[in-house]
Structure formats: structure tokens, C-alpha cells
Amino acid sequence: MGERGFRYSIVTSNGTLLVTFLYMTAMRLLSLNSNISEPSIWGGYLATVVVGYFLLELNNRNALLRVRSRMVSSTFLVLVGTFPVLLDFSTGFVSAGAMLLSLYILFFTYQRRHAQGYVFYSFLFLGIGVVAYPRMLWFAPLFLLTMIVQLRSMTLKAFFAGLLGLALPIAVTWAYLFVTLQPVPTGQFAATITTVSIPDYRLLTEHQLINAAFTLLLALVATIHFWRTKFNDKIRTRILFYIFMIVEGLSAAMLIALPTDYDMAYRLFIVSSSPLIAHHLSFSRGHVADAYFVVVVLCFAFLAFYNLTGYEFGIWPR
């Protein structure tokens, strides 16, 4: 990391995760403008903690950062805490959590000749995400492509295991709807995954646009930094970050092209971009990088205040 200054201390400190957790908790409490006992309020909070924990496990198991650090989970908690509307529970947590677990298991297939078991469970979670958000089906071809190019784990058995895992949650859900005499949304499902309309950003509030633009900018800078410095990481780590970038790229495209899916697409984008943003904040070098780190922290502080005023004046829908 270059000189071991204040940023190195923040990145490697075990207390960083605790501070960001307390920050996220404080933002949850400060953003309450309704009954504190509402399930959506604390359900979303608990779901955020669970996703943050699995990001921690993902980082630890795959050594995404070259130093002992909790920055991946810390970055995620700061991103979600700064935009506290994301702490309200919604099906977006199902899609984001399913995506994370799918990637977590998919990474186990790296250069395995008999990876069909892992592939089945990875695509099973992806299928659960598809049930919550049908357009997550778009990630399936990308996952298969990464198995061929990056992970080198594609076999005929793995391919069919992935298809079976992907189809199982959808089939079970539709079978349940059929048995309980509820309409099976086959036509709506097909229309959702094949139709994209012209984006209408008037559907979004000023707060939503600014938050998305800031996160997209952070992710773009982080991605450029990784491409410039990727040879400092081990080959396996680079491959895993390539996969994060693929998921991040499609999530960003969905966020930009589908303002009607803001809640879903934004959560997917934050989950996939947190490792890259954490990598950039941890390993960029020099005085300019230190200044950038401070500016990013100040921007988060400003956006936190800005978003809390959105709650105070009822800008955020409930």
C-alpha cells in the first residue's frame, strides 16, 4: 500500500468493520419516520447484516484483498447505510442475497474438473433470485461464460447441473401456484425478460438519481484502478475480480436502462461493486489517493445528511 499512513491503519484495523456497522445502525435509527415495530424496518436491517457477513466470508475465503482487512464488508455497510431507503426490507434483498450466495459457491468451481455439485447449488441460488426478480435470468449466460473463460470449470455435466439448478426454484414456484389455483405468470415472466422500454427517469426522485450517480462514479473509478494495477494481485484473485466486473457491468446497465427496477438493480449493483470499491480504497497509492479517500468519506457524510433530509420531508416513499 505504499507508505503506512492513516489509510493503511483504517484499511487493516479490525475496528473499521465495527465503526461502519455502528454507522449503518445509526442511519437506520435516524431514518425512522414511522412505527419502529414495522417488520420492513428491522427485516431490512437484519438482511443487510447477513449480506455483509457473507461478503466478509467471501473476502476471507478468497483473499480478495492482499492485506488482512474488513474493507469489503465495511464498504457495503457504508453504501447501504448512506442510502437508508435500502435498509427497508423488499424482495430486492432476496435477489441481492441470492446473487452473492451464487457467486460465493461459483468461485469454488475454479479449475475443478468435477464441479457439477457446486454449479448446481450456485445456479440454484441464481434461480431463487430469478423467482424474486425475473431479469436476473440475464446473468445465467454470463455465469456460464465465466465458467468457460475465467473459472475453466465447464463440462457437459456442469452445464446440465447449472440448468437444473436454475430451473428448479422456478418450477417449484410455478407448481405451487398451479396446485393452489393461482395464476401461473408464464406470459408475464417471458415478457419481463424479453422486453426493455425506453428509460423514463422521471420515475426516480432527485435523491435516487444522485445516489446512483455517485455509486456509479465510485465503481467506475475503482474498475479503472483495478485494470491499471491488476498485476499486483495473484492470478486467481484477478479472475474473481473479472467476474465481479462482469456482474457489476450488467447490474450497472440494468440500473441505467431500467429505472422502473431501481430497487432491484441498485442492490445488485452495490453487492457486486463493493469488492472493487474496497480494493481501490485499500490499494491506491500516493498523496492524491489519500486526498481522494478523504473526499470520498466527506461525500458519504454529505449524502448521509442529504438522504436523511429526504426522510424528514417525506421524499422517500414508504
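**Aromatic rings in close-up**

**View 1. An aromatic cluster.** Phe107, Phe226, Trp227, Phe241, Tyr242 and Phe244 together make up one aromatic cluster. The structure is a predicted model, in which local features need pLDDT of at least 70, side-chain atom pairs count only at pLDDT 80 or more, and totals for chains, interfaces and linings use all residues. Residues are numbered from 1 along each chain as its sequence is written, and side-chain values use heavy atoms, with hydrogens and water left out.

**View 2. The pair of phenylalanine 6 and phenylalanine 293.** Rings of Phe, Tyr and Trp (its six-membered ring) pair if their centres lie within 6.5 Å; planes under 30 degrees apart count as stacked, over 60 as edge-to-face and the rest as tilted. This rule gives 20 aromatic pairs. Phenylalanine 6 and phenylalanine 293 form an edge-to-face pair, because their ring centres are 6.1 Å apart and their planes stand at 70°. Phenylalanine 6 belongs to helix α1 (residues 6–12) and phenylalanine 293 to helix α13 (residues 286–312), so the pair ties together parts 287 residues apart in sequence. Helices here are DSSP runs (H or I, at least four residues), numbered from the N terminus.

**View 3. The pair of phenylalanine 226 and phenylalanine 241.** With ring centres 5.0 Å apart and planes at 35°, phenylalanine 226 and phenylalanine 241 form a tilted pair. Both phenylalanine 226 and phenylalanine 241 are buried (under 20% relative accessible area, 1.4 Å probe, protein chains only).

**View 4. Charges over rings.** The charged end of arginine 66 sits over the ring of phenylalanine 283, at 3.9 Å from the ring centre. Likewise, the charged end of arginine 267 sits over the ring of phenylalanine 93, 4.5 Å from its centre. A charge sits over a ring if NZ of Lys or CZ of Arg is within 6 Å of the ring centre and within 35 degrees of the ring normal.

Conventions: Helix = DSSP H or I, 4+ residues; strand = E, 2+ residues; numbered from the N terminus. Buried < 20%, exposed > 50% of the residue type's maximum accessible area, 1.4 Å probe, protein only.
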